[in-house]
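Please keep the viewer open as you read.

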Amino acid sequence: MTAAASAASPVVDGVEWVRPRPTPAQRRNDLLLALVLLGGTLGSTALYRAAGVADGAPYWHSAIWAATMSLPLAWRRVAPEVVAITASVAFFVGAMAEIGELLFSNITLFIAIYTLGAWGRSRRIALLVRAGIVLGMFVWLIWGLVVAANAPDHLPEMSREGGLVSPYVAYALINVVTNLLYFGGAWYFGDNAYRSARERVALEQRTEELAAERERTREQAVAIERLRIARELHDVVAHHVSVIGVQAGAARRVLARDPDEAAASLTAIEHSAREAVAELHGLLGTLRQGDGEGDDGDTDAPAEAAPHGLADLPGLVAESSASGVPTTLGVIGTPRETSGVVGITAYRLVQEALTNVRKHAGVGATADVRVRWADDELELEVSDTGAGSTVAARSGGLGQAGMRERVSAVGGDLELGARHRGGYLVRATLPLRRAGAVS
């Protein structure tokens, strides 16, 4: 957004919009225009005098008149009302003093009236000043035509007789129509320039509002996703704590008569405690990134009965196929036990990726879900054969922001983008043992 637009008053329906002050560059351009018109007016005056037209006035009168007519345009956008009135009075004085220049003076007067309509900061004042100028000019024109009609020595070659439209009446009508077009054009184009400037500021204002709304929506989506992560983390930690409680009770009962079994229970307690602490450390930084930390975890969204995991992926694949997108599931490597957070993250990534396939891939698309087990990491890959023209619709979505949050929370890597042979690819690498876990 430009500096001039940012300084403009906001566009509000039913409220008069005030156009901002001209920029330094615009004022420099106005000064250059005024100097060019001054030179043109002086040159045109000299040509008129050389042609013997209205050469009775002294040349220094013409020079002062040309400066008075042209130089005020340097302030045409700063004080358009004053400039328009000055140009109108100078035009009238030049005609009365028989200066005789009719080319550049008409251009200058047109620009002055146009600028008043385009840059007048008060629409009421702009309307009244223009109406006064135009009315005065037409009164002057009609009076001159009426007086000339009764002066036989003025345009004697034009007969005042000849029926309904005599030669002089035709001449008078031509003058009236010419002035109507002249002043009407200056009025119309000035108002049109004002409306265009107002619409431009309104468009920039709406663009900024939409950008702010998109940012708010993105932040809300991230906050909602973090709330879901926190809710699921609660389920995972609750699971570990319940295991610890059961194992601690078992160890207490057998501690005296079976030390080996008690030691096994304590080992299980230690493992669950370490895993819970690692998961807490992994997600705590993500949940603290936002400023919207609440005092409790209450939400209107229904809580799930139990956290999902990798074992639920076949259900997602079946659901996707049932919804009209044929989907296959492939597992490579030997599955092993993972932490609860990794299982939930894997489930949510596949769920969101298949949802995007149904939304954007188009008719006839198929999807493929692959799970690859490595020694210390789990790789998930969801690809589809959707139309390439719909790929742009998927990038930057709020669901993808949630994917990145989840993968970052467990210390993994996420790859999103179009495939070279068509379709879209979501690939995530999740560590089976988080770096920094207590050992």
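Predicted model: local features only at pLDDT ≥ 70, side-chain atom pairs only at ≥ 80, totals over all residues.

Residues are numbered from 1 along each chain as its sequence is written, and side-chain values use heavy atoms, with hydrogens and water left out.

First, the overall picture. The protein chain holds 11 helices and 5 strands; these are DSSP runs numbered from the N terminus, with helices being H or I of at least four residues and strands being E of at least two. Of its 439 residues, 37% are buried, where buried means under 20% relative accessible area, exposed means over 50%, and partly exposed lies in between (1.4 Å probe, protein chains only). The accessible surface of the chain is about 24400 Å², and carbon and sulfur atoms account for 61% of that area; such areas come from the Shrake-Rupley method with a 1.4 Å probe, and for residues only the protein chains shown count as cover. Contacts, meaning heavy atoms within 4.5 Å, can be sorted by sequence distance: among those between residues at least 6 apart, 72% join residues at least 24 apart.

Now pick out helix α2, residues 24–50. Its 27 residues reach 39 Å from first to last C-alpha, close to the 39 Å expected at 1.5 Å a residue; the expected span is 1.5 Å times one less than the number of residues. Which residues of α2 are buried? They are Asp30, Ala34, Leu37, Leu38, Gly40, Thr41, Ser44 and Thr45, and their cover includes α3 and α5. After α2 comes glycine 52, with a positive phi near 85°.

Next, see how helices meet. Two packed helices are described by the angle between their axes and the distance between the axes. Here the axes are lines fitted to C-alpha atoms, for helices over the stretch in contact, and angles run from 0 to 180 degrees between N-to-C directions. The axes of α2 and α3 (residues 59–70) come within 9 Å and cross at roughly 150°. That makes α2 roughly antiparallel to α3, a label for angles over 145 degrees, with those under 35 roughly parallel, 65 to 115 roughly perpendicular and the rest oblique. On the α2 side, the contact is made by residues including Ala34, Leu38 and Arg49, and on the α3 side by residues including Tyr59, Trp65 and Ser70. The crossing of this pair is right-handed; a crossing is right-handed if the near helix is turned clockwise from the far one by less than a right angle, and left-handed if anticlockwise.

Trp65, Thr68 and Met69 of α3 make the contact with Thr86, Ala87, Ala90, Phe91 and Gly94 of α4, and the crossing is left-handed.

Helix α4 (residues 80–96) also meets helix α5 (residues 104–119), with axes that come within 9 Å and cross at roughly 155°. The two are therefore roughly antiparallel, and their crossing is left-handed. Among the residues that meet are Pro80, Val83 and Phe91 in α4 and Asn106, Leu109 and Trp119 in α5.

Zoom in on valine 83, which sits in α4. Is valine 83 buried or exposed? With 5% relative accessibility, valine 83 counts as buried. Beyond its neighbours within four places in sequence, valine 83 is in contact with Pro72, Leu73, Trp75, Arg76 and Ala112. Its C-alpha lies 8.7 Å from that of isoleucine 113, which is 30 residues away along the chain.

For a contrast, visit glutamate 98 in the loop between α4 and α5. Glutamate 98 counts as exposed because its relative accessibility is 55%, and its phi is near 55°, a positive value in a residue other than glycine.

Two last stops lie further along. Alanine 262 belongs to helix α8 (residues 259–287) and counts as buried at 0% relative accessibility. Leaving aside neighbours within four places in sequence, alanine 262 is in contact with Ala251, Val254 and Leu255. Glycine 362, with a positive phi near 95°, follows α10.
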